Amino acid sequence: MATAPTSKRQRDLTVGPIGATLLAFALPTLASNILQSLNGSINSIWVGRFLGEGALAATSNANIIMFLMFSAVFGFGMAATILVGQSVGRGDIEGARRAFGSAIGLVVGGALVITVLGWLFAPQILHLLATPPEAQPLALAYLRVIFLGLPLSMLGVLIQMGLRGTGDSVTPLWFMVLSVIIDSSLNPLLIDGIGPFPKMGIAGSATATLVAALISTVGLIVYVYARDLPIRLRGAELRYLLPEGALVRTIVSKGLPMGAQMLVMSTAGLTMVGLVNRLGVDTAAAYAVSQQLWTYIQMPAMAIGVAVSSMAAQNIGAGKWERVDSITRSGILYNTIITLVVIAAIILFDRPVMALFVGADSAAIPIARHIQLIASWTFVMFGATMVLFSTVRANGSTLAPLIILAIALYPVRIGFALLARPAMGADALWWAFPIGSAVSLVCAIWFYRRGSWRRETLIVPPDDGDGEENAHAVGEPAGRLQPTG
């Protein structure tokens, strides 16, 4: 079985106190998420202040579309990350490299296809979204530049996911710091043409993001090879970039439901944006501001979910099932506490924060405050649901979370928004959020307790070209993937 040197930043997630290990892994991921969201917020401030509410609404619409495109290939990376985590838990470094190489081949290749299609059909996509006419030219200019950076962004995200799968959540944080510094610094320079920089308007904001993605991704690649980390590929290992048939089947069968889950979330988001856009530019801008604040509220859930998934995957790979339920309980507890604190802080200081985006006298601020009071509390339930989903996905159960999410978002959330709007007006859209989240949490608890996900297995299949040694390396631990009791 292949082994690799261990970096100081890699963490064995199968030993030590569960709560402390979970927090130590989650906090750098949370910091990365905060920086990423702060970067988006700073960029939105520059766009809103330099170019106005119409440009702000345009970036909001374009970013949701990018999330939709991003989702189309992201599930494969998530599946590969789980494979990496379980392989590391078993001590199978070669299996981790094979899974990671296949993910790069699949995801970056898919991102290139989406880039071309997105560039060509961006006007039609914006039209289907019912983007306000005054915002469409700005959204198109912004979106097309962002599409160009999608393959680089996907590669960078994959490397960060791979590092977290090996137990390293600190290195992705430092490269996120680098990306944020570059992006937020270049934004005003390229938007307004300050100094020697060209005046590019809203396209300048997207170009700054593209440059930041290029530099940070290249830096990550250099770091992985300089440290000779477990996910690096050298020599004959570079053939892993051409995905093996068995690995493709494993990654696709597990990755498609996870990618579809993100697609369901993003298409539901697009549908909601379409409903909001019909209420006018002020409400659209208010919703865009609310979404900026929601990114911060949901960050603890996303970071803790990543930590729970990584810890659960390594422990499942190591056969330590007795730790998995404790990991899940700790994740829900920490998420609830942190999310409540963030929500309370945002509710208390929402007006001055919102004024950063649209100005203190904007008509969008009272609307955005009203939205926050109704909908922001939903993220406590959202976080608990994400933790439960992260655990079951760590053992390859990906279809049930997709079904639960689809039910909660479409017949429940969107259905309520449409059916209740004649009686409740715009409030029907905002109340649809907590109602949908409550349904998804109840269903997630039921599935977690039901226990069928524990009978799933997710391993790197044998490499036909490596003979008996590798077949034994990935085959022998397979029996330990089953629960012990």
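The legends below describe close-up views of a predicted model.

**View 1. Overall make-up of the predicted protein.** The protein contains 16 helices and zero strands, and 58% of its 485 residues count as buried.

**View 2. The largest nonpolar core and the surroundings of M272.** The largest nonpolar core has 113 residues, of which L143, I159, M272, Y287 and W294 touch the most other members. Helix α2 (residues 53-90) contributes the largest share of this core, with 16 residues. When residues up to four places away in sequence are not counted, M272 touches Y287, R413, I414, A417, L429 and F433.

**View 3. The packing of helix α9 against helix α10.** Helix α9 (residues 281-317) packs with α10 at an angle of about 170°, and the axes of the two helices are 9 Å apart; α9 is therefore roughly antiparallel to α10. On the α9 side the residues that take part are L293, Y296, I297, P300, A301, I304, V308, M311, A312, N315 and I316, and these meet V324, I327, G331, Y334, N335, I338, T339, V342, I343 and I346 in α10. By class, the contact of α9 with α10 comprises 17 nonpolar, four polar and no charged residues.

**View 4. The packing of helix α10 against helix α13.** Helix α10 (residues 324-348) and helix α13 (residues 378-393) pack with their axes 9 Å apart and at an angle of about 155°. Because an angle over 145 degrees counts as roughly antiparallel, α10 and α13 are described as roughly antiparallel to each other, and their crossing is right-handed. From α10, the residues V324, T328, G331, I332, N335, T336, T339, L340 and I343 meet F379, V380, G383, A384, V387, L388 and T391 of α13. The residues in the contact of α10 with α13 divide into nine nonpolar, seven polar and no charged.

View 5. A122 is placed in helix α3 (residues 93-128) and is buried, with a relative accessible area of 0%. Once its neighbours within four places in sequence are left aside, A122 is in contact with L140, L143 and R144; of these, L143 is also among the residues that touch the most other members of the largest nonpolar core. A139 lies 17 residues from A122 along the chain, and the C-alpha atoms of these two residues are separated by 9.1 Å.

View 6. A355 has its place in helix α11 (residues 350-358) and is buried, with a relative accessible area of 14%. Apart from neighbours within four places in sequence, A355 is in contact with R49, A360 and I365. A355 and I365 are ten residues apart in sequence, and the distance between them in space is 7.3 Å, C-alpha to C-alpha.

**View 7. The backbone at D228.** D228 is found in the loop between α7 (202-226) and α8 (245-277). Although D228 is not a glycine, it has a positive phi of about 55°. D228 is partly exposed, with a relative accessible area of 22%.

Definitions and conventions
Residues are numbered from 1 along each chain as its sequence is written. This is a predicted model: local features need pLDDT of at least 70, side-chain atom pairs count only at pLDDT 80 or more; totals for chains, interfaces and linings use all residues. Side-chain values use heavy atoms; hydrogens and water are left out. A nonpolar core is a set of buried Ala, Val, Leu, Ile, Met, Phe, Trp, Tyr and Cys residues joined through side-chain atoms within 4.5 Å. Buried means under 20% relative accessible area, exposed over 50%, partly exposed in between (1.4 Å probe, protein chains only). Helices (H or I, at least four residues) and strands (E, at least two) are DSSP runs, numbered from the N terminus. Contact means heavy atoms within 4.5 Å. Axes are lines fitted to C-alpha atoms, for helices over the stretch in contact, and angles run from 0 to 180 degrees between N-to-C directions. Angles under 35 degrees count as roughly parallel, over 145 as roughly antiparallel, 65 to 115 as roughly perpendicular and the rest as oblique. A crossing is left-handed if the near helix is turned anticlockwise from the far one by less than a right angle, and right-handed if clockwise. Ala, Val, Leu, Ile, Met, Phe, Trp, Tyr, Cys and Pro count as nonpolar, Asp, Glu, Lys and Arg as charged, and the others, Gly among them, as polar.
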